[in-house]
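User: Hey, could you walk me through this model? I've got some quick questions about it.

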Amino acid sequence: MITSIDDLQALAEKKRAECDENSSELRVCAGTSCLSLGSSELKKSLQDEIQSRGLNDSCNIKSVGCNGLCANGTLVSYCTKDKSKSTFYERVTSGDASGLVDSIQNGTPLEDRMCDISQPFFTYQKKIVLENIGIIDPDDIEDYIAHGGYLSFFRALDEMSPKDVIEEVKISGLRGRGGGGYPTGIKWESVSKVLSEQKYIICNGDEGDPGAFMDRAVMESDPHRILEGMAIAGYACGANKGYIYVRAEYPLAVDKLNRAIKQATKLGILGENIAHSNFSFNIEVRLGAGAFVCGEATALIASIEGNRGNPRQKPPHLSDYGLWGEPTVLNNVETFANIAPIIKNGGAWYKSIGTESSSGTKVFALTGHIQNTGLVEVPMGTTLRELIFDIGGGVPDGKKFKAIQSGGPSGGCIPESLLDLHVDYESLKNAGSIMGSGGLIVIDDSSNMVEIARFFMDFCRSESCGKCTPCRVGTTELTLLLDKFINKKATKSDFELLKEMCEIVKSASLCGLGQTAPNPVISTIKYFEDEYLAGISDD
Amino acid sequence: MIREKVRVKTFKINGVDITGQSNQTVLEVAREHDIEIPTLCYLEGVSCVGSCRMCIVEIKGSRELIPACTAKIKEGMEVITNSPKIEANRKMILSMLFSERSHTCSTCVANGDCELQSKSVELPLEHSQVPYLNQRFEIDASHKNFVNDPNRCILCTRCIRVCDEIEGAYAIGLAGRGLNTRIIHDMDEPWADSKSCTSCGKCVYVCPTSALYEKDVTEEEVLKKREIILELVKNRGK
């Protein structure tokens, strides 16, 4: 049991000493992407190889979370005994196990599998949310603690009042990473001010945008970071119960989170009267059953309550009337993952990173027609050009860049002319898209933009809950209209109807799903009108 | 914060100063002052869900249009109920409802006593603005007195709210999503097999169309008793 900050630091010291004297480390990526490439077999082969050569005591093998460069998996890093030097390998398979262990034994790196970590993909990144990812073992709470884990939470309990915590988060300028961009400190403050015996903290892990996998990586690779952020939020707002709502399509994330909760509870980091304080906090995982709309705050709450996951009209807002009618803070996974570093380093430190209106970093999932598919974390204000061409390595197969879609089905397409845009909440909005949760889909010149718009519209059509008329009927009508353009059978009046209906679905729908569903169409009309006009037949 | 004392609030509807009580909605205050706002899913006496979007109004400072049935009044708020934008939206939304399933008045038992039909006269909706989808569903005529025809349903959920909040039977729910959403009884059993349905008929009385209707009744004899709910609520002193 850990009952004080001293206990925590003692455990961290003990674990660090163990690791140091013990051995060098082979870190095998065990994120969903590398697992599907056979990383668990690779780990087994490496273990067998190490065992058969009697190296058990000098080299430790551990599974770590996503290293980011998913396009080149399986990723393995080797860290020397004094942890001063590490070598990064890509495209490693079980067949490379003996070669890799050879290289460890004779101290020369395995040249043909080496990954160049001086490339912009690595050097342009600034890791706050992902700082532990690829380094710690997500199944081992002690490893998290050894890397400074839960120190922020215990410091907050010991040295800070709830008001101090909120003040620090306010100073940091952190805004909701789920896409809305609402200032986190203000959200917490409004809940903290409501008089209520029962309040709740909810973490939204229902990441459903096509092409988005930021939150999955954090949940799978550093689950304790989320628990710590939630516990700090609970302390700040006066809530003693937290829920993590995770989509059931993320079984690995669910497994890691449940294990993390169990370990933290066993050590007394979660539970009643934490560290002899008056503060108690427990966390439970709830599974989503596959509906995209359950990522919407009110629908998510309905789903946790055991009801049909339909959204409801706001206000009342969640700070007044949330889960089971009680004041509730709902933040996204990435938002909670930013909390511990903010408490540790101070709000001013966080504020100094990024842009004036959007501080800190943002994790993006790069997908689509891009060389380096994967996960990156960059300071706010990085340009799209840097993200796509430097970090992302550009468009493969000699094709030309055409557009980038940000924010999933709620976002828009941004053309090449706006590539020097510094990414933050406002700039993306002004360009007709949104920050969204951080999925970036690169589209090359072989794609038809009307078809892209139709893809997203069809997604919203099939995910509409059916509660309000404009979204339920409008998304279907819009999908059918877009089909007419794709089949080159549209008329001029269809084009007018398309534009009119987009405006109506946007302004009259009940929740964010419907209100943003027309964005891909509106933005592609704005920047690629020619392709719509080409779908209008003259007769 | 929600449960604050009831106070008088002054605000503007269509530029005219109006007062109401802080626990009232824009729709309630507007109707008290004879300002007409069309509604479909709204039913006096049960909770408001704001799902049909007919009663949308503009509230100064809000990007989206807000349903008047769920919007609580606030001091100094400025509401517009009849701008060209709102009227265009309402017409399009009503047209969407007509296009979605099968609303053929001439063959419908609710002809002349249908709120969807009367709304199209009130707005007025002169012609359909969007292509017909005509989504098809099976009819449930298993109940001895009543029929559930999802082809005429506009998903207002009045039946669900009346069953939950007035009868207390919780017999009706929703299944499917998007365009495939439909009203079901219990765990999607035939109506006749529903163990929780009390056959009270309130759902049929409040249905704005003839998605729920009484068997063996002609168009002339259809009896929609929508005001019965408010009477029940008053009599029970809720």
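Predicted model: local features only at pLDDT ≥ 70, side-chain atom pairs only at ≥ 80, totals over all residues.

User: Let's start with rings. How many aromatic pairs are there over all chains?

Analyst: The structure holds 18 of them over all chains. One of these is Tyr235(A) with Phe279(A), an edge-to-face pair with 5.6 Å from centre to centre and 75° between the planes.

User: Where do Tyr235(A) and Phe279(A) sit in the chain?

Analyst: They come from distant parts of it, 44 residues apart. Tyr235(A) is in helix 11 (residues 223–237) of chain A, while Phe279(A) is in the loop between helix 12 (251–266) and strand 7 (282–288) of chain A.

User: Buried or exposed, that Tyr235(A)? And what about Phe279(A)?

Analyst: Tyr235(A) counts as buried because its relative accessibility is 14%, which is under the 20% cut-off. Phe279(A) is buried as well, at 9%.

User: What about Phe389(A) and Phe401(A), how are those rings arranged?

Analyst: Their centres are 5.9 Å apart and the planes meet at 65°, so that pair is edge-to-face. It also links distant parts of the chain: Phe389(A) belongs to helix 17 (residues 384–391) of chain A and Phe401(A) to strand 11 (residues 401–406) of chain A, 12 residues apart.

User: And their accessibility?

Analyst: Phe389(A) is partly exposed at 31% relative accessibility, whereas Phe401(A) is buried at 6%.

User: OK, charges now. Which ring does the charged end of Arg247(A) sit over?

Analyst: That of Tyr250(A), with the charged end 5.2 Å from the ring centre. There's also Lys362(A), whose charged end sits over the ring of Phe364(A), 5.7 Å from its centre.

User: Switching to backbone. Which residue does a cis peptide bond join to Lys314(A)?

Analyst: Pro315(A), with omega at about -10°. Pro315(A) is in turn joined to Pro316(A) by a cis peptide bond, where omega is about 5°.

User: Where is Pro315(A)?

Analyst: In the loop between helix 13 (297–304) and strand 8 (328–332) of chain A. Pro316(A) is in the loop between helix 13 and strand 8 of chain A too.

User: Last topic, chain B. In what order do the 5 strands of the open sheet come?

Analyst: The order is 2-1-5-3-4, and the pairing is mixed. Strand 2 (16–21) and strand 4 (66–67) of chain B are the edge strands, each pairing on one side only.

User: How do strand 3 and strand 5 of chain B pair?

Analyst: Strand 3 (residues 56–59) and strand 5 (residues 78–80) of chain B are antiparallel, over 2 bridges. Glu58(B) stands opposite Ile80(B) there, with Ile80(B) in strand 5 of chain B.

User: Which helix packs on the sheet?

Analyst: Helix 2 (residues 84–100) of chain B, which touches strand 3 and strand 5 of chain B. The direction of helix 2 makes about 155° with that of strand 3 of chain B.

How values were computed. Residues numbered from 1 in each chain as written. Chains lettered and ligands numbered in written order. Heavy atoms only, no water. Phe/Tyr/Trp six-rings, centres within 6.5 Å; stacked < 30°, edge-to-face > 60°. Helix = DSSP H or I, 4+ residues; strand = E, 2+ residues; numbered from the N terminus. Buried < 20%, exposed > 50% of the residue type's maximum accessible area, 1.4 Å probe, protein only. Lys NZ or Arg CZ within 6 Å of the ring centre and 35° of its normal. Pairing = 2+ DSSP bridges. Contact = heavy atoms within 4.5 Å. Axes fitted to C-alpha atoms, helices over the stretch in contact; angles between N-to-C directions.
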